[in-house]
Amino acid sequence: MERFDISYSSLAQSFNIPEHAAKPEGAALAIGFFDGVHLGHSEVIKTAVRLAGQQGQRAAVLTFDPHPRVVLGKDAYHTTLTPLERKLERFAELGIEVAYVVSFDIGFSQVSAEQFVKRLLAPLRVRSVVVGFDFRFGHRGQGDPSSLREYAGGAIDVRVIEPVYLDGMKVSSTRIRDLLAQGDCEQAALLLGRPYEVAGTVIHGQARGRLIGFPTANLSAEERYVIPRHGVYAITAVRGAETYGGVINVGVRPTVDEPGGETKLEAHLFDFDGDLYGSRLTVRFHKYIRPERKFASLDELAAQIKQDAADARAILARLP
């Protein structure tokens with residue numbers, strides 16, 4: 001998949017569009033931030049892919065980095081369900097050939113809906129646009145699918161995808177965030193179409209896990225992920241081409257750490273014997289096992305980890 005980074009110059013009041021970004025055959029373009037690339041987002045993207053195939057166009061996505069609400073001061077969106085690089089991988093898996101990543105800053109937030117269409121979409125030779133039902137664009141969200149058609153003067157076929165529902169409730173990034181805050185990673189996985197995951201690098205900890213017979217990998221997340229509810233989860237962890245079952249504690253480790261510390265991700269991998277320090281791990285959350293709690297001694301903690309590991313093995317054995 002080709003990637004093109006696009007920025008807006010407030011001084012020149014124009015977009016910096018890289019050479020070869022515009023494709024001679026035109027593009028069928030899905031537009032959105034797509035946090036999570038969940039089932040609803042997938043419908044938007046797959047429709048663009050299908051249109052591209054039918055009309056001889058390139059299947060493309062236009063997304064933004066960072067989230068517009070970060071630039072506009074919405075604190076909740078300083079965390080992400082799916083970092084940009086993983087999001088691009090998901091686009092490619094869904095059949096996208098070209099990804100346009102627009103740098104969202106204060107200057108870009110001032111671009112009118114008409115400018116967005118005439119100075120960005122038109123030069124990119126966009127022939128079809130696919131958006132979600134709640135799509136808005138341009139300064140203060142003044143643009144919608146109708147105005148996109150109007151400003152394009154009929155040159156762009158605009159398709160609007162209705163919301164996707166699961167168990168009678170709309171699939172949305174907000175709902176997924178709420179589910180993770182409750183520890184319901186199973187339901188979150190249904191909405192995402194895959195397990196929720198956090199990737200990072202294994203760093204040195206205090207080695208207490210090894211002392212009590214359960215060596216752990218302390219994960220430093222590589223992005224500001226949405227972190228699930230504090231507690232213990234059954235997980236799988238991917239390291240290169242290898243996948244291991246395991247159990248992870250998300251929280252502040254009240255048995256061994258002083259109150260008020262930062263949230264930590266501490267995983268014990270089953271059937272692994274080796275050095276993980278410096279390794280990149282992708283942890284996939286499968287099921288919440290129990291809340292985090294403080295134990296009276298390290299022996300009590302070790303006994304509970306042994307039970308958690310047994311519970312996690314049983315859970316993972318039932319996965320499809």
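This is a predicted model: local features need pLDDT of at least 70, side-chain atom pairs count only at pLDDT 80 or more; totals for chains, interfaces and linings use all residues.
Tutor: Helices, which are H or I runs of at least four residues, and strands, which are E runs of at least two, are taken from DSSP and numbered from the N terminus.

Student: What is said about phi of R125?

Tutor: Phi of R125 is near 60°, which is a positive value in a residue other than glycine. Another backbone detail belongs to P66, which has its place in the loop between β4 and α2 (68–71) and is joined to D65 by a cis peptide bond, with omega at about 0°.

Student: What makes α5 oblique to α6?

Tutor: Helix α5 (residues 113–121) packs with helix α6 (residues 145–152) at an angle of about 55°, and their axes are 9 Å apart. Angles under 35 degrees would count as roughly parallel, 65 to 115 as roughly perpendicular and over 145 as roughly antiparallel, with the rest oblique, and α5 is therefore oblique to α6. The crossing of these two helices, α5 and α6, is right-handed.

Student: How do you know which residues of α5 and α6 meet?

Tutor: Contact means heavy atoms within 4.5 Å, and on that basis A113, E114, V117, K118 and L121 in α5 meet L148, Y151 and A152 in α6. Sorted by class, this contact of α5 with α6 has 6 nonpolar and 2 charged residues, and no polar ones.

Student: What makes β2 and β7 the edge strands?

Tutor: They belong to an open sheet of 7 strands with mixed pairing, in the order β2-β1-β5-β4-β3-β6-β7. β2 (14–16) and β7 (157–161) each pair on one side only, and these are the edge strands. From one strand of this sheet to the next, the twist averages 25°.

Student: How do you know that β1 and β5 pair?

Tutor: Two strands pair if DSSP finds at least two bridges between them, and strand β1 (residues 2–9) has 5 bridges with strand β5 (residues 98–103), in the parallel sense. Within β5, Y100 stands opposite F4. On this sheet packs α6, which touches β6 and β7 and has a direction that makes about 175° with that of β7.

Student: How many strands are in the closed barrel, and in what order do they run?

Tutor: The closed barrel has 6 strands, running β10-β11-β14-β13-β12-β15 with antiparallel pairing. Its twist averages 45° from one strand to the next. Strands β10 (residues 196–203) and β11 (residues 217–221) run antiparallel and are joined by 4 bridges, with L219 in β11 as the bridge partner of V202. Helix α10 (residues 298–317) packs on this sheet and touches β12 (231–239), β13 (242–251) and β15 (280–290), while its direction makes about 95° with that of β15.

Student: Which strands does β15 pair with?

Tutor: β15 pairs with β10 over 6 bridges in the antiparallel sense, and F285 in β15 stands opposite Y196. β15 also pairs with β12, over 7 bridges in the antiparallel sense, and there R284 in β15 stands opposite T236.

Student: How many aromatic pairs does a search of the whole structure find?

Tutor: The search finds 14 aromatic pairs. One of them is formed by F64 and F108, whose ring centres are 5.9 Å apart and whose planes are at 40°.

Student: Why is the pair of F64 and F108 called tilted?

Tutor: Rings pair if their centres lie within 6.5 Å, and planes under 30 degrees apart count as stacked, over 60 as edge-to-face and the rest as tilted; F64 and F108 have planes at 40°, so their pair is tilted. F64 lies in strand β4 (residues 58–65) and F108 in helix α4 (residues 106–109), so the pair ties together parts that are 44 residues apart in sequence.

Terms used:
Residues are numbered from 1 along each chain as its sequence is written. Side-chain values use heavy atoms; hydrogens and water are left out. Axes are lines fitted to C-alpha atoms, for helices over the stretch in contact, and angles run from 0 to 180 degrees between N-to-C directions. A crossing is left-handed if the near helix is turned anticlockwise from the far one by less than a right angle, and right-handed if clockwise. Ala, Val, Leu, Ile, Met, Phe, Trp, Tyr, Cys and Pro count as nonpolar, Asp, Glu, Lys and Arg as charged, and the others, Gly among them, as polar. Rings of Phe, Tyr and Trp (its six-membered ring) pair if their centres lie within 6.5 Å; planes under 30 degrees apart count as stacked, over 60 as edge-to-face and the rest as tilted.
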